[in-house]
Structures are given as structure tokens and as C-alpha cells.
Amino acid sequence: MCPRCEEGCRLTLVSGGAASGKSEFAESLVTATPGRRIYLATMEPWGEEGAFRIARHRALRAGKGFETVERPRDLTGACVPEGCTVLLECLSNLAANECFGPDGFDGAEARILKGIQEVAERSRALVVVTNELFGDGLPYDGETLRYLDVLAALNRRLARMADRVAEVVCGIPIWWKGEGPCG
């Protein structure tokens, strides 16, 4: 790991639109680090489409040295070993699972932040992938708007907490905070 990381480059937020290359970029940040790598998967396999996406992601990360931990909600209970590097894929799914899950919207943002902070404290480095869902200008119903508000608040909070923030556009990372890729 580079000297910048040893000096505290512990949390990286990677954002981007659908099929922007953000996941591949985030994986490259994690695979550039030595040591144990955890892929903290948050997607629930709803229907054939969900199962297909999960299988595709597993195939894409095969041979990259990841151990997968499936945790669609309640990150405080995630089995993340001390001192590893974690890729959380992705915050958008996690927020949807929390908001529309058994505990609902009330307190969802706080639950998610607490879980991310606990994972970050246990890990050497944490890379969080999130989606840019706010630029389409389409009208949404009340529940969807409430979810988007939670996700937007989480994105802002994590961007403030993060040592580095990158947005991936057409496969090209743009660094908004921090000195760019370490490794």
C-alpha cells in the first residue's frame, strides 16, 4: 500500500451513473492493495434479473482474491475481519433494502451510517460504491422520493467523511476529493 494510504486514506467513495464503470474502478482500487479483501455484497436476489446480476458480479470478481460477505442490510452485523480491505457494493442497494425492509424509513440513514462506520473501523481501507440517481429530472412518487432523499443524504455524509471521492463517467474516474488512486 502506498504511503498516502498508510497516512489515513481509509475511506473512498466512488459514484457514477448506471454502467459508468464505477464498480470496475472500485474493484481496481481494492485489488491494488495487498492483504485480505472482502467484497461486502448488499444486493438481494429478487427475481431472475437480480439472480442474473449477482451471478454476473461473482463471475467478474472471480480470481481477484475477494472473499464475499453477503449483507443486504444491518451492516453492524457484518462479519468483516479486522485489518482487511473492504469493497461495499453498493450503497444504493443497501439504502433501498433498509428503507423498504422490515425496519422501514425511520432511522434508515442512521442505521446505515452506523454500520458503515463500524465496517470502516474494523477495516484497513473501505471503498464504497454508490449510484448517481439524481440527474434524470423525472418525477417520482412519494416513497421513491423519500428513498432518493435518504440516498442523497448518505452520499453527502460519506463524501464529507471520505478521504477520497471519485465520480466515474464513461469509465473515466474524476477525483473530487483526495489525491487520486493509491497503490
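Visitor: Let's start with Phe100. Why does it count as partly exposed?

Guide: Phe100 has a relative accessibility of 45%. Buried means under 20% relative accessible area, exposed means over 50%, and partly exposed is what's in between (1.4 Å probe, protein chains only). So 45% puts Phe100 in the partly exposed class.

One caveat while we're here: this is a predicted model, so local features need pLDDT of at least 70 and side-chain atom pairs count only at 80 or more, while totals for chains, interfaces and linings use all residues. Residues are numbered from 1 along each chain as its sequence is written, and side-chain values use heavy atoms, with hydrogens and water left out.

Visitor: And Phe105, buried or exposed?

Guide: Buried: its relative accessibility is 12%, which falls under the 20% limit.

Visitor: How many aromatic pairs are there, and what makes the one between Phe25 and Trp175 edge-to-face?

Guide: There are four aromatic pairs. In this one the ring centres are 5.8 Å apart and the planes meet at 65°. Rings of Phe, Tyr and Trp (its six-membered ring) pair if their centres lie within 6.5 Å; planes under 30 degrees apart are stacked, over 60 edge-to-face, and the rest tilted. With 5.8 Å and 65°, Phe25 and Trp175 therefore make an edge-to-face pair.

Visitor: What does that pair tie together?

Guide: Phe25 sits in helix α2 and Trp175 in strand β7 (residues 172-177), so the pair connects parts 150 residues apart in sequence. Helices (H or I, at least four residues) and strands (E, at least two) are DSSP runs, numbered from the N terminus. As for burial, Phe25 has 13% relative accessible area and is buried, whereas Trp175, at 22%, is partly exposed.

Visitor: What about Phe100 and Phe105, which kind of aromatic pair do they form?

Guide: Edge-to-face: 5.2 Å from centre to centre, with 80° between the planes. Ring pairs also bring in Tyr147, giving a cluster of Phe100, Phe105 and Tyr147.

Visitor: On to the sheet. What is the order of its strands?

Guide: It's an open sheet of seven strands with mixed pairing, running β3-β2-β4-β5-β1-β6-β7. Two strands pair if DSSP finds at least two bridges between them.

Visitor: What makes β3 and β7 the edge strands?

Guide: Each of them, β3 (66-70) and β7, pairs on one side only. From one strand to the next the twist averages 20°, where axes are lines fitted to C-alpha atoms (for helices, over the stretch in contact) and angles run from 0 to 180 degrees between N-to-C directions.

Visitor: How do you know that β2 and β3 pair, and in which sense?

Guide: They share five bridges, in the parallel sense, and the rule asks for at least two. Leu40 has Val69 in β3 as its bridge partner, and it also stands opposite Leu88 in β4. β2 and β4 run parallel too, joined by five bridges.

Visitor: Why is β4 described as largely enclosed?

Guide: Five of its five residues are buried, so the rest of the structure largely encloses it. Thr85, Leu87 and Glu89 cover one side, Val86 and Leu88 the other. Five bridges link β4 (residues 85-89) to β5 in parallel; Val86, for instance, stands opposite Leu126.

Visitor: And how covered is β5?

Guide: Mostly: seven of the seven residues in β5 (125-131) are buried. Six bridges join it to β1, again in parallel, with Leu11 opposite Leu126.

Visitor: Last stop: how much space lies in the largest pocket, and what makes something a pocket?

Guide: About 630 Å³. On a 1 Å grid over the protein atoms alone, a pocket is an open set of points with protein on both sides within 12 Å along at least five of seven lines, and lining residues have an atom within 4 Å of a point. Points are joined across faces, edges and corners, and the volume is the space filled by probe spheres set on them.

This pocket has 24 lining residues, with Ser23, Arg53, Arg56, His57 and Glu89 nearest its centre. Helix α3 gives the largest share, six residues.

Conventions: On a 1 Å grid over the protein atoms alone, a cavity is a set of points where a 1.4 Å probe fits but cannot get out, and a pocket is an open set with protein on both sides within 12 Å along at least five of seven lines; lining residues have an atom within 4 Å of a point.
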